[in-house]
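Have a look at the chain below.

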Amino acid sequence: MLAALVNVANIGYPLLFLLVMAESAGVPVPGETALITGAVLASQGHLDIVAVIALAAAAAIVGDNIGYLIGRKAGRWLLERPGAFEAQRREVLLVGEPFFQRHGPKAVFFGRFILGLRTWASWLAGTTRMRWRSFAVWNAAGGICWATGVGMLAYSVGHSASSVLQLFAIIGLVAFALAVGGFVALRRLRRRAPRQGGAHGSGRKPPPARAE
């Protein structure tokens with residue numbers, strides 16, 4: 001029994017760090033599931049919850065900074081290079097740049113809690129040239145709050161944590177999809193408005209000349 005607990009601890013902590021870091025850097029692996037599993041194991045006495053939260057927060061911060069650097073160095077090239085889905089990739093950049101210019105800190109912080117955005121937020125922040133100091137501050141705050149909140153919730157509710165957090169993740173994903181869809185639709189409407197205004201304006205008759 002003691003040997004089994006030692007093995008869980010020896011494997012659990014490094015695996016937790018690697019999975020959370022990889023997901024934060026942009027690799028689609030179950031980083032949040034690893035945090036939930038670690039916290040549940042801690043609730044059963046196999047791991048230490050303080051160590052689980054600290055490692056998850058550190059891994060999230062390190063991974064996000066790796067993703068930011070990759071996005072800053074190669075993200076624009078990957079999105080703009082010719083090839084398959086070029087139009088869709090350029091649309092990501094077209095929408096992402098103004099979005100991060102206006103809502104960069106909020107996207108980095110709250111993106112940590114949203115399925116999908118959690119994996120790609122750091123890449124998009126680097127690709128859109130978000131200031132690293134601002135990114136680092138909000139990224140650290142989001143990573144610490146995420147690790148603490150999710151870890152303590154999983155630790156508290158034990159085995160039922162997975163289903164609860166999956167529900168929250170689905171709700172967050174739907175809300176994010178609606179927000180992005182609304183942003184894209186609003187942007188397209190704004191781009192069409194000047195064209196429509198110009199079309200109506202071209203059909204107007206010139207004012208009559210004044211009699212001298």
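## A buried asparagine

At 2% relative accessibility, Asn139 counts as buried, meaning under 20% relative accessible area, with exposed being over 50% and partly exposed in between (1.4 Å probe, protein chains only). This residue is found in helix α6. Leaving aside residues up to four places away in sequence, Asn139 touches Ala60, Ile61, Asp64, Asn65 and Val108, where contact means heavy atoms within 4.5 Å.

The model is predicted: local features need pLDDT of at least 70, side-chain atom pairs count only at pLDDT 80 or more, and totals for chains, interfaces and linings use all residues. Residues are numbered from 1 along each chain as its sequence is written, and side-chain values use heavy atoms, with hydrogens and water left out.

## Helix α6

Helix α6 covers residues 132-157, and its end C-alpha atoms lie 37 Å apart, in agreement with the 38 Å that its 26 residues should span at 1.5 Å a residue; the expected span is 1.5 Å times one less than the number of residues. Its buried residues include Phe135, Trp146 and Val150. Just after α6, Gly158 takes a positive phi of about 65°.

## The whole chain

Seven helices and zero strands make up the chain's secondary structure, taken as DSSP runs numbered from the N terminus (helices H or I, at least four residues; strands E, at least two). Of its 212 residues, 34% count as buried. Among contacts with a separation of 6 or more, 75% come from residues 24 or more positions apart.
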